[in-house]
Amino acid sequence: MRKIQQGFTLIELMIVVAIIGILAAVAIPNYQNYTAKAKFTELPNISGGIKTGVELCVANGSCVSGTSITGVTAGAGDIPAVATSTYGTIAVSTAGVITATAIATQGLTGQTWILTPTVGSNGQVTWAKTGSCTTAPAVC
C-alpha cells in the first residue's frame, strides 16, 4: 500500500517563510514612507488658504507694488490666520513667501516646503516650489 502524504514538507514551509520575509522587507519601508507623506500632506493643504489670500490681495492691489508683493500679514486683510497643524508649522513672510516646516518625529525629519510668489506682467501670481521635502524620504 502507498502512504498518502499529509501536511506540508519542511522545504515547502521554508519557502513560504522566505517569501513572507521578502515581502515584509519590501512592504515595511514603503508603508513608513507612505505614512510620512500622508502626515506631511496636511501642511500644503493648510497653506492653501494663505496661498489663495495672497492671490486675492494681489488681485485687489492691496499688497502689490509694481511686480513686488509687500505687506502680507497673516490674519489681516485677505490673508487668513495661519492654522495650526499636528505635523509642523507654517509661516508667511511680508513678501508672501509661505514656508511649511514638518516636525522631526513620527516619520518626518523636519522637511520644508517653500512657496515663493511672483507677479507676472498681467498681474497673475505664479508660485515657485522649493524646499527639502524632495530629499529622502521624499514626502512632497
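Tyr-31 and Tyr-34 both lie in helix 1, three residues apart, which is about one turn of the helix; helices here are DSSP runs of H or I with at least four residues, strands are runs of E with at least two, and both are numbered from the N terminus. The model is a predicted one, in which local features need pLDDT of at least 70 and side-chain atom pairs count only at pLDDT 80 or more, while totals for chains, interfaces and linings use all residues. Residues are numbered from 1 along each chain as its sequence is written, and side-chain values use heavy atoms, with hydrogens and water left out.

The structure holds one aromatic pair. This pair is formed by Tyr-31 and Tyr-34 and is tilted, with 6.4 Å from centre to centre and 35° between the planes; rings of Phe, Tyr and Trp (its six-membered ring) are paired if their centres lie within 6.5 Å, and planes under 30 degrees apart count as stacked, over 60 as edge-to-face and the rest as tilted. Tyr-31 is exposed, at a relative accessible area of 53%, and Tyr-34 likewise counts as exposed, at 55%, where buried means under 20% relative accessible area, exposed over 50% and partly exposed in between (1.4 Å probe, protein chains only).

Helix 1, which spans residues 10-40, also contains Leu-23, a residue that is exposed at a relative accessible area of 56%.

Two disulfides are present in the structure, a disulfide being a pair of cysteine sulfur atoms within 2.5 Å. One of them joins Cys-57 to Cys-63, with an S to S distance of 1.8 Å, and it is right-handed because the torsion about the S-S bond is about 70°. Cys-57 counts as buried at 3% relative accessibility, and Cys-63 is buried at 3% as well. Cys-133 and Cys-140 form a disulfide with their sulfur atoms 1.8 Å apart, and the torsion about the S-S bond of Cys-133 and Cys-140 is about 70°, so this disulfide is right-handed. Cys-133 is buried at 1% relative accessibility, whereas Cys-140 counts as partly exposed at 49%. When the bonded cysteines of the chain are numbered in sequence order, the pairing reads 1-2, 3-4.
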